[in-house]
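User: I want to go through this model term by term. Please set each value against its cut-off.

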Amino acid sequence: MRRPLRENLELDDESGRPRVLCTRCGFDFGDEEEWRERSYLKRQSPTAGGPLMKDLEGQFLLEQLFCPQCKTLLDSQIVEVEP
Ligand SMILES: [Zn+2]
C-alpha cells in the first residue's frame, strides 16, 4: 500500500519493507530515516524565501531539500548559522 508521507513524498510498503518514494518521478529514497540524507540539500540566504526574511540574514539560512532526480522541493526550513 502506498500512503502520502508529506508533500511530494509517499511511503510504499508493498514489499514489506517501507520505502520512501518521490511522487513525481518515483525516485527511491530508502527507508523513512534515510530520505533526508538522500535528498539534494541547498543552503541559501533566507531572503531567497522572500524579502520579509531580511532580518534573519547573517544569523539564519534557508535550508531546502530537493529530489535529486526531478528537483522537486521536498522540505524547506530556516536553520541557525553554525558559529
Ligand atoms: Zn523526484
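Analyst: Helices (H or I, at least four residues) and strands (E, at least two) are DSSP runs, numbered from the N terminus. By that rule the chain reads β-β-β-α-β-β-β. This is a predicted model: local features need pLDDT of at least 70, side-chain atom pairs count only at pLDDT 80 or more, and totals for chains, interfaces and linings use all residues. Residues are numbered from 1 along each chain as its sequence is written.

User: What makes the chain more spread out than a compact globule?

Analyst: The radius of gyration is taken over C-alpha atoms, and the globule rule is 2.2 Å times the number of residues to the power 0.38. For 83 residues the rule gives 12 Å; the chain has 15 Å, well over that, so it is more spread out than a compact globule. Its C-alpha atoms fill a box of roughly 45 × 25 × 20 Å along the principal axes.

User: How do you know that β5 and β6 pair?

Analyst: Two strands pair if DSSP finds at least two bridges between them. β5 (residues 60-66) and β6 are joined by 7 bridges and run antiparallel.

User: Why are β4 and β6 called edge strands?

Analyst: The open sheet has the order β4-β5-β6. β4 (40-44) and β6 (73-80) each pair on one side only.

User: What makes Phe-29 a contact of Trp-35?

Analyst: Contact requires C-beta atoms, placed from the backbone, within 7 Å. Leaving aside neighbours within four places in sequence, Phe-29 has contacts including Val-20, Leu-21 and Trp-35.

Terms used:
Two residues are in contact if their C-beta atoms, placed from the backbone, lie within 7 Å.
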